[in-house]
Amino acid sequence: MAGTITLGHGSGGKLSRELIENSFLPRLRSPELARLNDAAAITVSDDNLAVSTDSFVVTPLVFPGSDIGRLAVYGTVNDLAMLTARALCLSAAFIVEEGFAVETLEQIAESMAAASHEVGVPIVAADTKVVERGSADGLFINTTGIGAIQRTPPPSADRAQVGDKIILSGTVADHGIAVLMARNQFPFRADIASDCAPLWRLVETMLSTGAELHALRDPTRGGLATVLNEIAGAANVAITVEEAAVPVAEPVRGACEMLGLDPLYIANEGKLVAVVAPDGADRLVAAMREHERGREARVIGEVTGEHPKGRVTVTTRIGGSRILDLLVGEQLPRIC
Amino acid sequence: MAAALVERIAAVAQRPVRLMEVCGTHTMSLFQHGIRGLLPDTIRLLSGPGCPVCVTPRAEVDAAIALACSDDVTLVTFGDMMGVPGSDTSLAAQRGEGRCIEVVYSPTDALDIARRETGRQVVFFAVGFETTVPSVASTIIDAAEGGVTNFSVLSAHKVIPPALRALLSAGDVRIDGFICPGHVSVIIGSQPYEFIPEQYGVACVITGFEPLDILHSVLLLAEMVSAGDARVEIGYTRVVKPEGNPVAQERMARVFDPTDAEWRGLGWIESSGLAIKDEFEAQDASRRFAPLIAEVKERSAAVSDPPGCICGEVLRGTRGPLDCPHFGRSCTPMAPVGPCMVSSEGTCAAFYRYGGAPDRS
């Protein structure tokens, strides 16, 4: 491991993975943590609980479609939902830079309260720290959530099986591009907003179909490509994806082309990927499309028995094929 | 439609046809769309020196790094150059150590930085082929006319046609046709390539970047080679005109003079680089920081390339990434030995990312 932390270590790609595997996991020695799912399952008395934590360092703090506060609430609620856990409560910790405007902090708190109210998940614990000017960039927020798992055993990346279908709930790259555009002055304008949204109700709808859900992930940092690679790696399977099946909104596609970015690697904050036994795929997609958060849901690929295992392959629009690997380093820093 | 084109290509290309592309975006497009796997075996695709990041000599990277390490300099660059290894470090590593290095998408952003950071020297590390040059030229003119005295440009620009001539004259790889760069040609037009069929009997098609553009160009080239009828064709008619973009050409000529330049892997090529004219010497970082740059380049010359690194041959198309002992083992995008692996348009990076890495389980 290199001696200093670089931006690449925070990207969600290979360097992040190395940092986790070399610096954190061996010291923390936690089997549940080592499964590297979005939330951890714990048992307290008769309930199976899930715990998830996430820190939010997005810049700018406010961007089309959302803000750091709302993101901090939905982000953790969604991570819990990926284990079929209905969020029960959240904690929120704030690290504020000296000189930050109180009014802005209050606006963000309002936004968090509104989001918390919308999803019915109270913020029951909080903490605030202030650091000297220059020691943080404005505001960082951490939220930790506890949820009650609804399906046991819960979905887990390592449960993906050969023959499973892969379902994506909607368009990709909206969030990352919206933040990037809010951050920079590009010589073009586009009507792009973050897809930041809570996913619990969609997951509930999915559970009600009875389809056999093997894995559920929300493709945040590192995007769809990263999640698919993590699933393929954890389950030791191969995955194929149809490029033409992955929905990308036109303005987002245009922005990605102009900036040389691949939408498959860009963060989403209101989408999920489901790996489901094949006999349940069609009814799952139909049920998702009935829900406002799943209108564009569709099958985008499947789990195969090909070799090498752990590889994700994309069938291109013209029928060719290419490997979809994990990113190296950082494509877009601080988008969530 | 792609399938129909592939079928026609297979029908026309009865004997091996060796086509070289000289544009990093084409290198990537071929992989991204899986075109390589669709073409018949008779079509051999070679990757040439089409990545401006890859052909920037190590000494120039060292010069940029040295400037970045100067106390009052803010070094501004396109993102691609950040990870390129110099003789002992890189811009990305130096940024990690706290040096003032900023990444921009456009040279005008660099001038904005200079206007904001009036207490610092802002140097823009200008790497790129003809596509990028006109906007850098405009920025230099704006700086001069706007009286921005703390801004200068370190030009590592190169132009394509002399490199094509050098490749053909060297003769160490047989080329039947060139897939010519689409965006470079928007600027320069088709005329600069005429010497290629005329003097070397090699076919040229100026090509766009969509998968159908590329397949169509491969078909045109295969037809020309099969008929023994080498000429220059514009495949990318949507945006390329035979005369190119005269305004952009005028802008380039106003600010830059051709100069001999060193290309990594190809050596010195006459008139293949661009140096800032005397009229704009105040915006020329190579003059403003001449002593430092000379000292750095002398030190760089004493450092040899990493043993076993065959970036030079990869850039000339004589060998491929899979022939390199480092590829995928000691040379990966996370820890690159040579520039072909770290550039987002490098041949080795394309092979590694999209399909050719050995044993990556």
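Reader: Let me begin with one residue. Does A:Thr128 count as buried or exposed, and why?
Author: This is a predicted model, and in it A:Thr128 counts as exposed because it has 10 C-beta neighbours inside 10 Å. The cut-off for an exposed residue is 12 or fewer.

Reader: Where is A:Thr128 found?
Author: A:Thr128 is part of strand S6 of chain A, which covers residues 123-131.

Reader: Which residues does A:Thr128 touch, not counting those up to four places away in sequence?
Author: With those places set aside, A:Thr128 touches A:Phe94 and A:Val96.

Reader: And what separates the C-alpha atoms of A:Thr128 and A:Ala39?
Author: Their C-alpha atoms are separated by 24 Å, and the two residues are 89 residues apart along the chain.

Reader: Let us step back. How many helices and strands are there in chain A?
Author: Chain A has nine helices and 14 strands. Its radius of gyration is 19 Å, close to the 20 Å that the globule rule gives for 336 residues, so chain A is as compact as a globular protein of that length. A box of roughly 55 × 55 × 45 Å, taken along the principal axes, is filled by its C-alpha atoms.

Reader: What share of chain A do buried residues make up?
Author: Of the 336 residues in chain A, 50% are buried. As for contacts between residues at least 6 apart in sequence, 83% of those in chain A join residues at least 24 apart.

Reader: I noticed some prolines. Which peptide bonds in chain A are cis?
Author: One cis peptide bond joins A:Thr59 and A:Pro60, with omega about 5°. A:Pro60 sits in the loop between strand S2 (47-56) and strand S3 (62-63) of chain A. Another cis bond runs from A:Thr152 to A:Pro153, with omega near -5°. A:Pro153 belongs to the loop between strand S7 (139-149) and strand S8 (165-168) of chain A.

Reader: What is phi of A:Ala173?
Author: Phi of A:Ala173 is near 80°, which is a positive value in a residue other than glycine. A:Ala173 is placed in the loop between S8 and helix H5 (174-183) of chain A. It counts as buried because it has 29 C-beta neighbours inside 10 Å.

Reader: Turning to chain B, where does B:Ser271 lie, and what is its phi?
Author: B:Ser271 lies in strand S11 of chain B. Its phi is near 55°, a positive value in a residue other than glycine. B:Ser271 is partly exposed, with 14 other C-beta atoms within 10 Å.

Reader: In what order do the four strands of the open sheet in chain B stand?
Author: The order is S4-S3-S5-S6 of chain B, and the pairing is parallel. Strand S4 (101-104) and strand S6 (151-155) of chain B stand at the edges with a single partner strand each, so one side of each has no neighbour in the sheet. From one strand to the next, the twist averages 25°.

Reader: How many bridges join S3 and S5 of chain B?
Author: Five bridges join strand S3 (residues 73-78) to strand S5 (residues 121-126) of chain B. In this pair, B:Thr74 stands opposite B:Val122. Helix H4 (residues 58-68) of chain B packs on the sheet and touches S3, S4, S5 and S6 of chain B. The direction of H4 makes about 140° with that of S3(B).

Reader: Which residues in helix H8 of chain B are buried?
Author: In H8 (residues 160-170), the buried residues include B:Ile160, B:Pro162, B:Ala163, B:Leu164 and B:Leu167. Elements that the buried residues of H8(B) pack against include strand S7 (177-180), helix H9 (182-188) and helix H15 (311-316) of chain B. Just after H8(B), B:Gly171 takes a positive phi of about 65°.

Reader: Finally, how many residues does the contact take from chain A and from chain B?
Author: It takes 16 residues from chain A and 17 residues from chain B. On the side of chain A, helix H1 (14-28) and strand S14 (321-323) are the elements that give two or more residues. The largest share, three residues, comes from S14(A). The residues on that side of chain A divide into five nonpolar, seven polar and four charged.

Notes: Residues are numbered from 1 along each chain as its sequence is written. Chains are lettered from A and ligands numbered from 1 in the order in which they are written. This is a predicted model: local features need pLDDT of at least 70, side-chain atom pairs count only at pLDDT 80 or more; totals for chains, interfaces and linings use all residues. The radius of gyration is taken over C-alpha atoms; the globule rule is 2.2 Å times the number of residues to the power 0.38. A residue is buried if 20 or more other C-beta atoms lie within 10 Å of its own, exposed if 12 or fewer, and partly exposed in between; C-beta atoms are placed from the backbone. Two residues are in contact if their C-beta atoms, placed from the backbone, lie within 7 Å. Two strands pair if DSSP finds at least two bridges between them. Axes are lines fitted to C-alpha atoms, for helices over the stretch in contact, and angles run from 0 to 180 degrees between N-to-C directions. Ala, Val, Leu, Ile, Met, Phe, Trp, Tyr, Cys and Pro count as nonpolar, Asp, Glu, Lys and Arg as charged, and the others, Gly among them, as polar.
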